[in-house]
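Subject: Structure handover

Hello,

Here is the structure I said I would pass on. My notes on its salt bridges follow below.

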Amino acid sequence: MEQFEETTPVRLRTIPAEIWALGFVSLLMDVSSEMIHALLPIYLVTVMGASMVTVGTIEGIAEATAAITKVFSGALSDWLGKRKLLAVIGYGLAALTKPVFPLASSVGWLVAARFVDRVGKGIRGAPRDALIADIAPARARGASFGLRQALDTVGAFVGPLLAIGLMWLTANQFRTVFWVAMVPGFLAVALLVAAVHEPARPAGLREVRAPLSLPELRRLGSPFWLVVCVATVFTLARFSEAFLILRAQGMGLPIVLVPLVLVVMNVVYSLAAYPAGVLSDRVNRLTMLILGFLILIAADIVLAFPGNLAGVALGVGLWGLHLGLTQGLLATLVADTAPPELRGTAFGMFNLSSGLALLAASLLAGALWDLFGPLMTFLAGAGFTALALLGLGLVRWLMPTLGRNGKAEKEGAVSGS
């Protein structure tokens, strides 16, 4: 009977209600954020007069800020043994920063708003992911992370669609769109407070007194740190989606339709994320990562030589497909390999390394674009992805059981004990 339960396909109705609630919280906040972020690169360049290096710097600093904050919030959630409180604080802070975007009178104000918004993301990110890992049944962990990622990504394309409609209705009034974006942000916080209940701490689970100390970091184990290394190199190839928007505009896409870039990417992303999560509960997760890496290489090559807007659309769609196959899966691997009492710290360290890599990637992408144009930017991305693919092959050779559901988790616990 136990063997039958392990191999029975996971159905949507079997996923806990709190996972669904967290997914819809992410959806609403992403609607709010993406209504702004879909327009922000063009707003910075065409209205505020910012350079491409400035765009890359803002995007890189914003995401690196979130990643650094996640380390401390994740560790704090392990120390407290509580996740929801920090998630509420993080989502609440992000909601409160939304009015700054329409009120900003200079690039400096926009940088500050983006910075504080990402601090909120950093505070909520690791505790929320650890909360999902705590709630989700082990046999449905990939499906649970995939569902949360899919709902999050629905918000990521609904937001740009709303931005398109409002830009059309208001004759390109950026600030009006930014004001409307406040509403779903505050709804997300209300849903989180009302509908998500933190599970009781398991009896006998070890208390963590100093999550960021060297002995505790060693307890995370070598499988976890190998996942982090591969993800870090991979992130160097995954620079900000702002450059996809700018690539489409450079190929002649009108400003009012620019958010369609994120719509196409996120529709594909959302459609792929949940099936990828379900499949990862049944096959080796590293095999799926390899497929995702290969698709990113294809996306970069298409975007380097798009030919026309149809080529850009194909490249953006492939970019979304690679996200669907990799992002929820990497989070699942973190949950697989980290000890339960250190999951917040694990997600924090994972996001710190990825965030710093994203900062470097965005700075490099902006510099390459300004110096050599978009061709070199996307070819460099393909090159870094190829390096990550080689690293993933090495990891699979060194640890052949990593990515096989249940086995990786057990090995991670043993190596961290």
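A residue is called buried when its relative accessible area is under 20%, exposed when it is over 50%, and partly exposed in between (1.4 Å probe, protein chains only). The model is predicted, so local features need pLDDT of at least 70 and side-chain atom pairs count only at pLDDT 80 or more, while totals for chains, interfaces and linings use all residues. Residues are numbered from 1 along each chain as its sequence is written, and side-chain values use heavy atoms, with hydrogens and water left out.

A salt bridge here is a side-chain nitrogen of Lys or Arg within 4 Å of a carboxyl oxygen of Asp or Glu. Searching the whole structure gives 11 of them. Helices are DSSP runs of H or I with at least four residues, strands are runs of E with at least two, and both are numbered from the N terminus.

One of the salt bridges joins Asp336 to Arg285, with 2.6 Å between the closest N and O atoms. This pair links distant parts of the chain, since Asp336 sits in helix α16 (residues 309–337) and Arg285 in helix α15 (residues 285–304), 51 residues apart. Asp336 and Arg285 are both buried.

Salt bridges with shared partners also connect Asp78, Arg83, Asp134 and Arg343 into one network. Within it, the side chains of Arg83 and Asp134 meet at 3.0 Å, N to O. Arg83 is buried, at 6% relative accessible area, whereas Asp134 is partly exposed, at 30%.

Regards
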